[in-house]
Amino acid sequence: MKKLLLSFSLIISFFANAQEPATTEGGISFEHGSWKETLAKAKKENKLVMLDGYTTWCGPCKWMVKNIFPLKDVAEFYNKNFISAKIDMEKGEGIEIAKKYGVQAYPTYLFVDGSGNLVHRLCGSMEAPAFIQGGKDAMNPETSLSALQKSFLADDKNAERALKYFTAAGAACMDAEKDVVKFLDSQKPESFLEKSNYSLILEFIKDYRHASFKYIVTNYKKFTDVYGKKEIDKKILDVYSMSLNTAIKSKDEKALADVQNAYRKEANAPAGWLDAFADVRKARVANDTGAYFKAVVHFTDNYLMSDAGKLNANAWEFYEKTNTVAYLLKAEAWAKKSVELDPAFYNNDTYAAVLFKLGKYTEAKNAAGKAIEMGKKDNADVKETEQLLEKINGKLKV
């Protein structure tokens, strides 16, 4: 069983019962008037508005409504310090508000003064301490997003100020990448090794052609000495694989060739891993099932045998999508290895399912039993595994 599949099903069933009240009783008190009226009240009381910009289909929005807004400490903080409002960003005046403040992700929490000026913003679901801290940051003239932006613009070559501002903007789901690129273009290449600039590169640079990324690759030892081989290797792998994926999805053969030529020339780029990854992605995009299975086998056997999560995911995909014995035997080997690396519920569950499909019922029974045992310890939903065990026992009785 794929771990994410289990998590997703739990989330869907959980959110299906969540409600979207205009006011959370016993929790944060939300205004019922128009946006204009809400701003007027904020101006009169000299408070900021905390606007919950949500949509009806947004799962994280509903999670916040059910789990965070009703909490006593959250409600006390927001009811004391803010005028709170909830507006659907896809209906009525919410459409214009979303356009004005550039809301593109949900939920987005806008902290706005009585004149409608954006002071701060947060994005996504979060636990209570982070949500309260976000409100405190909004009220603080040194930590609000608008204050950080003002500080940066007053000295737009200062790397420390740039890092604070762009980190806050990125956390608020603002598209800061172009501005980060522009800032880094203004810096001297040797400054890329400095912590603030390096942190920006690590977080925002996704283009293998950018000077800062090239500088890391060509000065590999300098960066690994300071920041560690594991982190630098991951950055190099991430940037090249994202570039490959973009070129393959857009079916841009020239862009693909350019990426591959670039990393094949670099001694410190994992060319074999990237080529294998590209073959998997190309086969998937082309919907070439035969080529896809062969590419996944090559990629997994050569580069993923120490990654329990990816072994489990690939084994489960083969279990679901093929009846070819040779591929199912590969899935069995991957699932077994994933259990050796991490004897978790979902890895044992996948192993049991593959063994069952191969007709190895005694081994499947043992794996299913372990999966159920581990699942119960972790408070996981083991119903499907118990159903699988019933099927296995049925085969053993025949």
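The residues lining the largest pocket divide into 10 nonpolar, 3 polar and 6 charged. This is a predicted model in which local features need pLDDT of at least 70 and side-chain atom pairs count only at pLDDT 80 or more, while totals for chains, interfaces and linings use all residues. Residues are numbered from 1 along each chain as its sequence is written, and side-chain values use heavy atoms, with hydrogens and water left out.

**The largest pocket**

About 460 Å³ of space lies in the largest pocket. A pocket is an open set of points on a 1 Å grid, where a 1.4 Å probe fits, with protein on both sides within 12 Å along at least five of seven lines; lining residues have an atom within 4 Å of a point. Among the 19 lining residues, Phe277, Phe299, Leu304, Lys310 and Asn314 are the closest to the pocket centre. The helices below (DSSP runs of H or I, at least four residues) each supply at least two lining residues.

| Helix | Residues |
|---|---|
| α15 | 271–285 |
| α16 | 289–303 |
| α17 | 308–321 |

**The nonpolar cores**

A nonpolar core is a set of buried Ala, Val, Leu, Ile, Met, Phe, Trp, Tyr and Cys residues joined through side-chain atoms within 4.5 Å; buried means under 20% relative accessible area with a 1.4 Å probe, protein chains only. The largest such core has 82 residues, and Phe166 and Tyr240 have the most contacts inside it. Helix α19 (residues 345–357) gives the most to this core, with 8 residues. A second, separate core of 21 residues includes Ile28, Met50, Phe69 and Ala138.

Conventions. Buried means under 20% relative accessible area, exposed over 50%, partly exposed in between (1.4 Å probe, protein chains only). Grid points are joined across faces, edges and corners, and a volume is the space filled by probe spheres set on the points. Ala, Val, Leu, Ile, Met, Phe, Trp, Tyr, Cys and Pro count as nonpolar, Asp, Glu, Lys and Arg as charged, and the others, Gly among them, as polar.
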